[in-house]
Amino acid sequence: QVQLVESGGGLVQPGGSVRLSCAASGSISSIDVMGWYRQAPGKQREYVGRITSSDSTDYADSVKGRFTISRDNAENTVHLQMNSLKSEDTAVYYCNANLRTRSSYVWENHWGQGTQVTVSS
């Protein structure tokens, strides 16, 4: 059973920083793309950014220059460093991973349960 577990959310002041982490566990043989999405109250889930297995990154325009995604392949972990936070960054942040398990050659898409980030003074 594969699990993605996010951590690191909380309350942060405008202009502040927070680092989210997402650890993938279970019988995993390989992970391709790992990404982050977010969902604000009353809005649809939106793309934040992603990182490939070769460390190529891509970001939504709304976070470009402020957010940085990195990964630790040995630990099956992805991080989201968020700087210069704004109130509009308030959302539940979800981790996503495209991976294969040891029991299957099929690529599967998995989501974490989400972690709340609130930007407020």
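Is S21 buried or exposed? S21 is buried, at a relative accessible area of 17%. Buried means under 20% relative accessible area, exposed over 50%, and partly exposed in between, with a 1.4 Å probe and protein chains only.

This is a predicted model, where local features need pLDDT of at least 70, side-chain atom pairs count only at pLDDT 80 or more, and totals for chains, interfaces and linings use all residues. Residues are numbered from 1 along each chain as its sequence is written, and side-chain values use heavy atoms, with hydrogens and water left out.

1. S21 and its surroundings. S21 sits in strand β3. Strands (E, at least two residues) and helices (H or I, at least four) are DSSP runs, numbered from the N terminus. The side chains of S21 and H79 make a polar contact of 2.8 Å. A polar contact is a pair of N or O atoms within 3.5 Å; within protein, one must be able to donate a hydrogen and the other to accept it, and residues adjacent in sequence count only if both atoms are side-chain atoms. Leaving aside neighbours within four places in sequence, S21 contacts V5, E6, S7, W36, V78 and H79. Contact means heavy atoms within 4.5 Å.

2. The disulfide. The count comes to 1 disulfide, defined as a pair of cysteine sulfur atoms within 2.5 Å. The partners are C22 and C95, with their sulfur atoms 2.1 Å apart. C22 lies in strand β3 (residues 18-25) and C95 in strand β9 (residues 91-101), so the pair ties together parts that are 73 residues apart in sequence. The torsion about the S-S bond is about -80°, so this disulfide is left-handed. C22 is buried, at 0% relative accessibility. C95 is buried too, with a relative accessible area of 0%.

3. N96. This residue also has its place in strand β9. N96 counts as buried, at 8% relative accessibility. Its side chain makes a polar contact of 2.8 Å with the side chain of N109. The N96 side chain also reaches the backbone oxygen of H110, at 3.3 Å. Residues up to four places away in sequence aside, N96 touches L4, V33, M34, G35, Y37, N109, H110 and W111.

4. Aromatic pairs. The structure holds 2 of them. Rings of Phe, Tyr and Trp (its six-membered ring) pair if their centres lie within 6.5 Å; planes under 30 degrees apart count as stacked, over 60 as edge-to-face and the rest as tilted. Y37 and Y47 have ring centres 5.6 Å apart and planes at 70°, so they are edge-to-face. Y37 is in strand β4 (residues 28-39) and Y47 in strand β5 (residues 46-51), 10 residues apart. Y37 is partly exposed, at 24%. Y47 is partly exposed, at 27%. Ring pairs link Y37, Y47 and W111 into a cluster.

5. R45 over two rings. R45 lies over the face of Y94, 3.7 Å from the ring centre. The charged end of R45 also sits over the ring of W111, 4.6 Å from its centre. The rule asks for NZ of Lys or CZ of Arg within 6 Å of the ring centre and within 35 degrees of the ring normal.

6. G10. Strand β2 (residues 10-12) holds G10. G10 is partly exposed, at 31% relative accessibility. Its C-alpha atom is separated by 8.5 Å from that of V119, 109 residues apart along the chain. G10 touches Q116, V117 and T118, not counting residues up to four places away in sequence.
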